[in-house]
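Please keep the sequence and the coordinates open while reading.

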Amino acid sequence: MYQRMIRFAFLTNLVAFMITAPVFADPHADLNKLFDDYWQARMRYGPERATYLGDHRFDDRLTDYNEHAVFEERIRFKLFANRLTAIPRDTLTPDDQLN
């Protein structure tokens with residue numbers, strides 16, 4: 001049962017990554033989209049932080065610290081890292097490279 005949950009979580013996040021993966025038509029736009037997606041994920045999966053920062057969309061939730069949720073978070077961060085490394089750094093402006 002647990003293995004199924006892990007596979008489901010991985011596949012769900014993989015599909016989400018493929019939907020939001022950068023297309024490299026505009027690396028600057030892709031990088032900014034990645035930043036926005038990361039911020040939105042941090043707010044969604046850390047609702048206490050979102051509330052503290054003034055984002056009240058998730059006031060009815062608490063952070064889920066169970067093993068499955070922590071595993072999903074690790075996958076999420078790995079997918080963000082993959083998206084970041086997939087953007088060709090040499091095509092970015094110096095300011096974007098610094099970010």
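Buried residues make up 28% of the 99 residues in the protein; buried means under 20% relative accessible area, exposed means over 50%, and partly exposed lies in between (1.4 Å probe, protein chains only). The model is predicted, so local features need pLDDT of at least 70 and side-chain atom pairs count only at pLDDT 80 or more, while totals for chains, interfaces and linings use all residues. Residues are numbered from 1 along each chain as its sequence is written, and side-chain values use heavy atoms, with hydrogens and water left out.

**Fold**

The protein has five helices and zero strands, and its pattern along the sequence is α-α-α-α-α. Helices (H or I, at least four residues) and strands (E, at least two) are DSSP runs, numbered from the N terminus.

**Salt bridges**

A salt bridge is a side-chain nitrogen of Lys or Arg within 4 Å of a carboxyl oxygen of Asp or Glu. By this rule the model holds four salt bridges.

Salt bridges that share partners join Lys33, Asp37 and Arg83 into one network.

**Aromatic rings**

Rings of Phe, Tyr and Trp (its six-membered ring) pair if their centres lie within 6.5 Å; planes under 30 degrees apart count as stacked, over 60 as edge-to-face and the rest as tilted. The count by this rule is two aromatic pairs. One of them is tilted: the rings of Tyr38 and Phe77 are 6.1 Å apart centre to centre, with 45 degrees between the planes. This pair links distant parts of the chain, with Tyr38 in helix H2 and Phe77 in helix H4, 39 residues apart. Tyr38 is partly exposed, at a relative accessible area of 33%, and Phe77 is partly exposed, at 33%.

Why is the pair of Tyr38 and Phe80 edge-to-face? The ring centres of Tyr38 and Phe80 lie 5.4 Å apart and the planes stand at 85 degrees, so the pair is edge-to-face. This pair also links distant parts of the chain, from Tyr38 in helix H2 to Phe80 in helix H4, 42 residues apart. Phe80 counts as buried, at 12% relative accessibility. Taken together, the ring pairs link Tyr38, Phe77 and Phe80 into a cluster.

A charge also sits over a ring: the charged end of Arg76 is placed over the ring of Tyr45, 3.5 Å from its centre. The rule asks for NZ of Lys or CZ of Arg within 6 Å of the ring centre and within 35 degrees of the ring normal.

**Nonpolar core**

In soluble globular proteins, nonpolar side chains tend to be buried together. A nonpolar core is a set of buried Ala, Val, Leu, Ile, Met, Phe, Trp, Tyr and Cys residues joined through side-chain atoms within 4.5 Å. Which residues make up the largest nonpolar core? Its six residues are Leu31, Leu34, Ala41, Phe80, Ile87 and Leu92. H2 supplies the largest share of this core, three residues.

Phe35 lies in helix H2 and counts as partly exposed, at 31% relative accessibility. Phe35 and Phe80 are 45 residues apart in sequence and 9.2 Å apart in space, C-alpha to C-alpha.
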